[in-house]
Amino acid sequence: QVRLVESGGGLVQAGGSLRLSCAASGRTFSTYRMSWFRQVPGKAREFVAAISRSVDTTYYADFVKGRFTISRDNAKNTVYLQMNSLSPEDTAVYYCAADDPVVGGLYDYWGQGTQVTVSS
């Protein structure tokens with residue numbers, strides 16, 4: 001079973017930055033497409049960003065383009081989300097997810113989430 005553990009969340013003022021990390025267990029991290037989602041209580045989980053296995057392709061939700069950057073270090077089994085110019089609307093629990101080609105689905109594994117709170 002693959003385990004994903006997010007970290008790096010916290011409280012930051014509007015306009016500030018945070019870098020989230022998601023560390024994965026196992027030896028096949030480099031084969032996973034990795035994504036970040038976020039969720040506010042009472043609302044559906046929404047896609048934030050994704051990065052391909054080979055690091056050459058990234059995808060972003062429109063509301064984070066130009067502010068957030070997803071990256072990965074396959075040697076460290078870790079994916080990152082650099083978040084800049086944060087606003088209170090970015091307050092949410094942020095989750096990472098992995099697509100395992102062996103399983104063949106989307107978002108086969110999820111982390112437990114890390115809280116990001118942006119104060120105005």
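In which sense do β1 and strand β3 pair, and over how many bridges?

Analyst: The model discussed here is predicted. In it, β1 and strand β3, the latter covering residues 18-24, pair in the antiparallel sense, and four bridges join them. Within this pairing, Glu-6 has Cys-22 of β3 as its bridge partner.

The two strands belong to an open sheet of four strands, whose order is β1-β3-β8-β7 and whose pairing is antiparallel. At the edges of this sheet lie β1 (4-7) and β7 (68-73), each of which pairs on one side only. On average, and with direction ignored, neighbouring strands of the sheet are turned by 15° against each other.

Cys-22 leads from this sheet to another part of the chain. A disulfide joins Cys-22 to Cys-96, with an S to S distance of 2.0 Å. The link is right-handed, with 55° about the S-S bond. Because Cys-22 lies in strand β3 and Cys-96 in strand β9 (residues 92-99), the pair ties together parts that are 74 residues apart in sequence. Both Cys-22 and Cys-96 are buried. The count of disulfides in the model comes to one.

Seven bridges join β9 to β4, and the two strands run antiparallel. Here Ala-98 of β9 stands opposite Met-34. Strand β4 spans residues 33-39 and is mostly covered, with six of its seven residues buried. Strand β4 also pairs with strand β5 (residues 46-51), again in the antiparallel sense, over five bridges. In that pairing, Trp-36 stands opposite Ala-49 in β5. The strands β4 and β5 form a hairpin with six residues between them, and Gly-42 in the turn has a positive phi of about 85°.

The interior can be considered next. In soluble globular proteins, nonpolar side chains tend to be buried together. The largest nonpolar core of this model has 29 residues. Met-34 and Trp-36 are among the residues with the most contacts inside this core, a group that also includes Leu-4, Leu-81, Met-83 and Tyr-94. At least two residues of the core come from each of β3, β4, β5, β7, β8 (78-83), β9 and β11 (114-119).

Side chains of opposite charge can pair when their charged atoms come close. The model has five salt bridges. One of them is formed by Arg-38 and Asp-90, with the closest N and O atoms 2.9 Å apart. This pair links distant parts of the chain, since Arg-38 is in strand β4 and Asp-90 in the loop between β8 and β9, 52 residues apart. Arg-38 counts as buried because its relative accessibility is 7%, and Asp-90 counts as buried at 2%.

Asp-90 also forms a salt bridge with Arg-67, where the closest N and O atoms are 2.7 Å apart. Here too distant parts of the chain are linked: Asp-90 lies in the loop between β8 and β9, and Arg-67 in the loop between β6 (58-60) and β7, 23 residues apart. Arg-67 has a relative accessible area of 18% and is therefore buried, the cut-off for buried being under 20%. Arg-67 and Asp-90 belong, together with Arg-38 and Glu-46, to a network of salt bridges.

A further salt bridge has exposed members. The side chains of Lys-65 and Asp-62 meet at 3.2 Å, N to O. Lys-65 is exposed, with a relative accessible area of 52%, and Asp-62 counts as exposed at 63% relative accessibility.

Conventions: Residues numbered from 1 in each chain as written. Predicted model: local features only at pLDDT ≥ 70, side-chain atom pairs only at ≥ 80, totals over all residues. Heavy atoms only, no water. Pairing = 2+ DSSP bridges. Axes fitted to C-alpha atoms, helices over the stretch in contact; angles between N-to-C directions. Disulfide = S-S within 2.5 Å. Buried < 20%, exposed > 50% of the residue type's maximum accessible area, 1.4 Å probe, protein only. Core = buried A, V, L, I, M, F, W, Y, C linked by side-chain atoms within 4.5 Å. Salt bridge = Lys/Arg side-chain N within 4 Å of Asp/Glu carboxyl O.
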